[in-house]
2 protein chains.
Amino acid sequence: MEDDITVTFEPEGKTVIASSHTLLELAQCANIGLRGECGGKGGCGKCKIKIVALNGVLNEPMKSERVHLTDDQIVEGYRLGCQTRLLSGRCTVYVPPESRTGKRLISGVGLDEDVPLEPLVRKFHLSLVPPTFDDTRPDRKRLEDALNKPVYVPLSILATLPTTLRTAGWDVTAALWNSRVIAVEPGDTTKEVFGAAVDIGSSKVICHLVSLATGETVASANAENPQIMYGEDVVSRITYASKRPEHLQKMQDLIISTVNRLLDAVCQKSGIPSEQVYELVFVGNSVMHHLFLGISPKHIGVAPFVPVTGSLESFPAKELGVRMNPEGMVTAVPLIEGYIGSDAVANLLITRIYQSEKVSLTIDIGTNSEILLGNNERIFACSAPSGPSFEGAHISSGIKAVTGAIESVTIEGDTLTYTTIDDAKPKGICGSGVIDLVAELFLADVITKTGKFRDLNHPRIIEDGVPKFVIAWNKETATDGDITITEKDINEFLLAKGSLNTGWTILSRHYGISPSDIDSIYLAGSFGTHIDIENAITLSLIPDIDRKQIFFAGETAVGGAKMVLKSVSERKQLPQILRSIVYIELSVEPTFNTVYIKSIPLSPK
Amino acid sequence: MEDDITVTFEPEGKTVIASSHTLLELAQCANIGLRGECGGKGGCGKCKIKIVALNGVLNEPMKSERVHLTDDQIVEGYRLGCQTRLLSGRCTVYVPPESRTGKRLISGVGLDEDVPLEPLVRKFHLSLVPPTFDDTRPDRKRLEDALNKPVYVPLSILATLPTTLRTAGWDVTAALWNSRVIAVEPGDTTKEVFGAAVDIGSSKVICHLVSLATGETVASANAENPQIMYGEDVVSRITYASKRPEHLQKMQDLIISTVNRLLDAVCQKSGIPSEQVYELVFVGNSVMHHLFLGISPKHIGVAPFVPVTGSLESFPAKELGVRMNPEGMVTAVPLIEGYIGSDAVANLLITRIYQSEKVSLTIDIGTNSEILLGNNERIFACSAPSGPSFEGAHISSGIKAVTGAIESVTIEGDTLTYTTIDDAKPKGICGSGVIDLVAELFLADVITKTGKFRDLNHPRIIEDGVPKFVIAWNKETATDGDITITEKDINEFLLAKGSLNTGWTILSRHYGISPSDIDSIYLAGSFGTHIDIENAITLSLIPDIDRKQIFFAGETAVGGAKMVLKSVSERKQLPQILRSIVYIELSVEPTFNTVYIKSIPLSPK
C-alpha cells in the first residue's frame with residue numbers, strides 16, 4: 001500500500017493529501033483550474049506547472065514533457081501537470097497564469113432574440129369555493145374546474161394540495177407547464193414566474209434568468225465547463241465518459257452542479273427564490289446534450305454518429321437534480337445530428353435563415369464548426385472538424401480568449417502591434433489573434449502560401465530548436481517567455497481553416513450555388529464576434545461577399561434557448577425547421593479530399 | 001438520561017433493547033403482531049400479555065388495565081401491552097394467541113371478474129434497421145417509427161436506449177403503457193408481461209399477479225396491514241398520520257413495504273422477475289388510498305370529508321418506491337367520496353349493478369360499511385359507521401376471522417354448538433359467529449329485543465362482575481378462559497347492525513322504493529362471504545328478499561382492480577359510472593336519528 005502524499009498548489013495555497021495521482025488530477029481535486037485540453041495525455045502541453053519546493057520523490061520527466069519543455073525549463077522545475085506524479089513526500093506546485101483555465105470572455109454582442117411573449121409556463125390566480133356537504137368535489141377536481149381544462153397533477157403536487165388550498169384560504173396561484181400543474185402557491189404570484197436559458201458549451205456554460213411575465217432577462221452568469229478536466233475536445237470526453245458508468249455519472253454531475261451554481265447565482269443576483277424558476281431550456285452540442293441528460297455519448301462518437309434523440313425533450317427538474325422548482329421542466333432543444341447540436345438549432349432560430357427566400361450561411365466556429373447553408377426551402381448542414389486551434393489549443397503560445405490574450409495583431413512594415421483582452425500584459429494568443437497574425441504575416445510576405453517563413457533572418461524570427469516568429473518579446477509578457485508562432489502552429493491553423501472552407505464549399509455545391517452568391521453570412525458564437533472580417537476573408541475562412549451582408553450573430557445559443565423558453569410558437573415550428581435540414585456528413589463526401597487539399601494553402605484575394 | 005431496558009417476547013424469543021417505551025411499541029419494533037385496535041389507548045383491551053419473568057421495575061397497572069383485567073389476572077402477571085412500561089432492567093413477556101394479529105382468513109369465493117383482455121400495458125416486438133450514413137435517424141425516432149405512433153420516452157429509458165438497441169442487435173421488445181414507453185428489452189419478450197392487482201384494506205392487503213398476455217392470475221399473496229399498529233380503525237390512523245409529517249411518512253412506508261413484500265412473494269412463487277410487472281392497480285378506502293400515495297388523510301377526517309382526488313390517477317412506480325418495473329405505472333382506482341373508497345368502485349365493476357334496469361343493493365361490511373343502491377340510471381351511495389364489532393373488535397371475546405375463531409353458532413334447546421376456523425380450539429368469536437349467536441339467542445328467547453338476558457339463571461349465564469353468556473367453557477378453549485358475550489357486547493353489536501340497517505333504509509327512501517322491492521343483494525368483502533343469510537335477515541342486517549337473489553360477491557376489491565388492470569374499456573367507463581353516483585352523507589340526513597333509533601332493537605320476522 002502506498003503512503004499518502006501531500007501537494008500544495010500556489011498561489012492559492014490549497015493542499016491535497018492523497019494517494020499518488022498526477023498533479024493534474026490532484027489540481028482537479030483542489031478545484032484549481034489547470035488546463036488539460038488533450039485530456040491529460042501529454043499532448044497539448046498546456047498544463048505546465050513549476051515545482052517550487054520538494055521534500056519527496058517525483059517521477060522522472062516523460063518523453064512528452066521533453067517535447068513541450070526546454071531543458072532549461074526542466075532544470076528550473078517546470079513539468080507537465082498531467083505527466084508528473086509525486087511518488088512520496090510533499091511538494092509545492094506553482095500554477096502559472098497561462099496554464100489556468102480562468103474566466104472566459106463572453107461576448108455581449110448579438111442579434112435580438114425578442115419574440116412575442118407566450119411561454120409554455122403560465123400562471124393562473126384562482127379563487128376557489130371551499131367544499132360543503134352540497135359540493136364535495138375533491139380538491140383536484142375543484143382546481144381543474146377553476147382552470148377550466150383537464151390537467152395532469154404530479155404526485156408531489158397532489159400530496160400537498162389539500163394543505164396548500166386550506167392554508168391559503170382557497171386563494172391560490174397555479175403554475176402550468178402546458179397542461180401539467182407544476183406548482184400551486186398561496187395567494188396571487190402570477191408576476192413571479194421565471195425561466196432559465198442555458199447554453200452548455202464544451203468550454204463555457206452561460207445561464208440567463210428570464211422573467212416569463214415581462215420577457216426581460218433579469219440576470220446572467222457564466223462559468224467554465226468543468227468537464228474540461230477530462231479533455232478540451234468532445235472526443236476526449238466521449239472516450240472518458242464511455243469507459244465506465246461512473247465516468248458518465250461524474251461527467252453528468254459536473255455539468256449539473258455547474259448549472260446549479262449558475263442558477264443559484266442568477267437567482268441570488270435578482271433576489272428570486274429558485275422555486276420560481278419553472279422551466280429551464282438548454283442548448284448544446286450533441287455530446288453536452290447527452291452528458292447533461294446522463295446519456296452515454298459513446299454512439300455519437302462512432303459512425304454513423306447517431307444521437308439518441310433529435311426531438312424536443314422535456315423532463316421534470318427533480319429527475320435531473322436541477323436546482324429550480326422540482327416539478328418544473330428541463331427542456332432540451334433538439335439536436336440535428338450526432339455532430340450538429342441544438343446550439344445550431346438555436347442559431348437558426350436567431351438568424352431566421354429558414355424564413356428567407358435568399359440563401360444565407362451561418363458559421364459557428366469551434367473545435368467542430370457547425371455550418372448551415374440554405375433558405376426557406378431547405379438547409380444543408382455539416383460539421384467541419386476544424387480542431388481546437390481557433391480556441392487557442394494546439395498552437396504553442398495559444399490560449400483561450402481570456403484576460404491577457406492577444407486578440408488582434410497588425411503588421412505594418414517592420415512594426416507589429418497587438419491588443420490584448422482587458423489590456424493586460426500578454427499571456428498568449430487567442431484564436432482571433434491567430435487569424436490576424438496569419439493574415440498579416442501572409443500580406444506582409446513573411447510567410448508563403450503554405451505557411452513557411454520566407455526569411456529566417458527576419459528580426460522577429462528566432463531559432464529555438466525550430467524557427468519561431470516572436471509576437472511579443474519576453475520583457476513585454478506576463479509569462480516570462482516570448483509569445484511566438486512556429487511553422488507547425490501556422491500549419492495547424494491552415495488545416496483548421498481548410499476544414500472550415502471545405503465545409504461551406506461542399507454545402508454550396510450541394511445547394512448548387514457559388515459561395516460568392518451567398519446573400520448573407522452570420523458568424524455565431526463568441527469567437528465569431530471577435531474576428532476581423534477582412535482578415536477572415538483574406539484567409540478564405542469565410543466566403544468573399546458584400547461586407548454589409550456579414551453579421552455577427554453573437555451568442556446565438558443562449559439567445560435561441562431564450563426564444564424557445566419565451567415562445568410556444570418558436571417551439572412549435574422546430575419540427576418543421578428540422579425537417580427542412582439535410583445533413584451532409586463530410587467524411588463520406590466523395591469530393592471531400594480534393595476540396596480539402598485545395599483549401600489548405602493561402603491564396604491572394 | 002434513562003438507561004436502556006431489555007424485553008424478550010415469547011414464544012418467539014425476540015429481544016429488544018431500547019429506552020423505555022410501552023410493551024406494545026416494543027412488540028412493534030420486534031415485529032411481533034400484538035393487537036392494538038384502539039391505537040394503544042387502553043380502550044380495547046386486546047393487547048393482553050403476561051409478564052413471565054422480571055428483573056427490573058414495571059410501572060403500576062393503570063386504571064384502564066383494571067377495566068380489562070381481573071384482579072386475579074393482574075396477580076398472575078397479565079397486563080395490557082399498551083399501558084405497561086418497563087422502567088428499568090429486563091423482563092420476559094408472553095404474547096398469548098388471542099392477543100396476536102395472526103394471519104387472516106381470506107375468502108376464495110367471489111364473482112368472476114373475467115373481461116376481454118385489453119390491458120393498457122402492451123408489448124411490441126420490433127426488428128429495427130441499424131443506422132447508416134444514409135439513414136441517421138436518432139434511436140428514439142427509429143423506435144417511434146417502428147411503433148408507428150408518437151410515444152413519450154422517459155429519461156431513464158432514453159438514457160439506456162442506445163446501449164440496449166446495439167447490445168440486442170436492434171431486435172427488441174418495447175413495453176408501452178398507453179403511449180408511454182416503460183421498457184425496451186432485448187429480443188422477443190411479448191409473452192412476459194404482467195400486472196398486479198392490489199386491495200389495500202385497513203386490516204389486510206391482498207395482491208394478485210396477473211399475466212397480461214393470457215389474463216390468468218398466476219399467483220396471489222396476502223398480509224396484515226401493519227398500519228394496524230397505529231389503530232384498527234381509519235379514524236385512529238387519520239389522527240396518527242395527521243399529527244406529524246414523519247407519521248404520514250411512516251404510514252406510507254409501512255404500506256409500501258408491505259405491498260413490496262407481497263410483490264416479491266407473488267413474483268417468487270411464479271418465478272417472474274419484478275421488472276416484468278409493468279402496472280399495479282390498487283383499490284382501497286379513501287384513507288388507505290391517501291396513505292399509500294403519501295397524501296395526508298387529515299381532511300378526509302374533517303367535514304365535509306373531501307378527498308384530494310376522485311379521478312383515476314397513475315404515477316410512475318419509481319416515484320412511490322414500489323418494487324416492480326421502475327418505469328411501470330401505479331394506478332389508483334378512483335374514490336367516490338371521503339368515506340367511500342375505490343373498493344366500492346371495484347364492487348360496482350364486479351357486480352355490474354350499474355348495467356341493469358333492476359335495482360340492486362351491494363353491501364361491504366366493515367368498520368365503515370359501504371352501501372350502494374341503484375341501477376343503470378343512478379346509484380345512491382353511503383358509508384355507514386358500523387364500528388369494528390363485525391370484525392371482532394369492541395366485543396369482549398371478539399377476535400378477527402383467524403384460526404380458532406368461532407365462526408358459526410347454533411342453539412337448539414339447551415344445546416349450543418359452534419364451529420371454529422380451521423377446526424382449532426376456540427380462541428374467541430369473530431363477526432360471523434356473533435351474528436349467529438345474537439340471532440340464535442334472540443330466536444331461543446335467551447335475550448330480549450333490546451339484547452338483555454331474560455333469565456340470569458340460564459345454565460350458560462355466569463356472573464363475573466357482569467352477567468356473561470358462555471359460548472365456550474374454559475376447558476374447551478385455547479385461551480384458558482371462558483369465551484363469553486355480555487349485554488354490553490350485544491348492545492355494541494345492535495348499534496352496529498342498526499347503523500347498517502339505517503344505511504340501506506335511507507338509500508331506499510332516496511330511491512323511492514321499499515327495501516323489500518330490491519331485486520338483488522350482493523354481499524361483498526371477506527366478511528360477507530361468511531355470514532349466515534337467514535340469521536342476517538333475522539337481525540335485519542340485510543333486507544328480507546328472495547334468498548335466490550342474494551349473492552356472495554366475495555373479494556370484489558381485488559377483482560375490480562383486476563378488471564381495471566386487464567381492460568381499457570373498464571377503465572374508460574369509470575368516469576361515467578362515477579357520474580351516476582349520488583353520495584348521501586348519513587350524518588347530515590334529517591331522518592337519520594329517527595331511522596337509526598328504530599333500527600337498533602331486534603324484531604321478530
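This is a predicted model: local features need pLDDT of at least 70, side-chain atom pairs count only at pLDDT 80 or more; totals for chains, interfaces and linings use all residues.
1. Confidence. pLDDT is the predictor's confidence in each residue, from 0 to 100. Over chain A the average pLDDT is 90, and 96% of the residues score at least 70. For the complex, the predictor gives an ipTM of 0.78 and a pTM of 0.79.

2. Relation of the two chains. Two copies of a chain are related by a rotation about an axis and a shift along it. Here, chain A is superposed on chain B by a rotation of 180 degrees with 0.0 Å of shift along the axis, at an RMSD of 0.1 Å. The copies are thus related as by a two-fold rotation axis. A:Glu319 is the residue of chain A that comes closest to this axis, its C-alpha lying at 5.0 Å. The same surface serves both copies, since 100% of the contact residues of chain A recur in chain B.

3. Contact between the chains. Chain A and chain B bring 33 residues each to their contact. On the side of chain A, the helices α4 (139-147) and α5 (155-167) each supply at least two residues. Which of the elements gives the most to this side? That element is α5(A), with seven residues. By residue class, the side of chain A that touches chain B divides into 17 nonpolar, nine polar and seven charged residues.

4. Domains of chain A. The domain assignment gives five entries for chain A: domain 1 (5-99), domain 2 (121-186), domain 3 (194-332), domain 4 (352-387 + 494-599) and domain 5 (389-490). Domain 4 is thus given as two segments, 352-387 and 494-599. The centres of domain 4 and domain 5 of chain A, taken over C-alpha atoms, are separated by 28 Å. Their contact takes 17 residues from domain 4 and 16 residues from domain 5. On the side of domain 4, the elements giving two or more residues are α12 (487-511), α13 (525-528) and α14 (533-538) of chain A. The largest share of that side, three residues, comes from α14(A). The residues there comprise eight nonpolar, eight polar and one charged.

5. Strand pairing in chain A. Strand β3 (residues 48-58) of chain A runs antiparallel to β4 (residues 78-80), to which three bridges join it. In this pair, A:Ile49 stands opposite A:Arg79. β3(A) is also antiparallel to β5 (residues 86-94), with eight bridges between them, and A:Val57 stands opposite A:Ser88 there.

6. A hairpin in chain B. Strands β18 (residues 405-412) and β19 (residues 415-420) of chain B run antiparallel and are joined by six bridges. B:Ile411 faces B:Leu416 of β19(B) across the pair, the two standing opposite each other. The strands form a hairpin with two residues between them, and B:Gly413 in the turn has a positive phi of about 60 degrees.

7. Backbone geometry. Most residues other than glycine have a negative phi, and most peptide bonds are trans. The bond joining A:Ala303 and A:Pro304 is cis, with omega about 0 degrees, and the bond from B:Ala303 to B:Pro304 is likewise cis, with omega near 0 degrees. A:Pro304 is found in the loop between α8 (286-293) and β13 (313-316) of chain A. A:Asp445, in the loop between α11 (431-443) and β21 (461-464) of chain A, has a positive phi near 65 degrees. A:Ser540, in the loop between α14 and β25 (550-554) of chain A, has a positive phi of about 55 degrees. Are these two residues buried or exposed? A:Asp445 is exposed, because 9 other C-beta atoms lie within 10 Å and 12 or fewer count as exposed. A:Ser540 is buried, because it has 21 C-beta neighbours inside 10 Å and 20 or more count as buried.

8. Two loop residues of chain B. B:Glu118 lies in the loop between β5 (86-94) and β6 (121-127) of chain B and is partly exposed, with 14 other C-beta atoms within 10 Å. Its C-alpha atom is 4.7 Å from that of B:Ser567, although the two are 449 residues apart along the chain. Leaving aside neighbours within four places in sequence, B:Glu118 is in contact with B:Ser567, B:Val568 and B:Ser569. B:Pro154, in the loop between α4 (139-147) and α5 (155-167) of chain B, is also partly exposed, with 17 C-beta neighbours inside 10 Å. The C-alpha atoms of B:Pro154 and B:His530 are separated by 47 Å, at 376 residues apart along the chain.

Definitions and conventions. Residues are numbered from 1 along each chain as its sequence is written. Chains are lettered from A and ligands numbered from 1 in the order in which they are written. Two residues are in contact if their C-beta atoms, placed from the backbone, lie within 7 Å. Helices (H or I, at least four residues) and strands (E, at least two) are DSSP runs, numbered from the N terminus. Ala, Val, Leu, Ile, Met, Phe, Trp, Tyr, Cys and Pro count as nonpolar, Asp, Glu, Lys and Arg as charged, and the others, Gly among them, as polar. Two strands pair if DSSP finds at least two bridges between them. Copies are superposed by least squares on the C-alpha atoms of residues with pLDDT of at least 70 in both.
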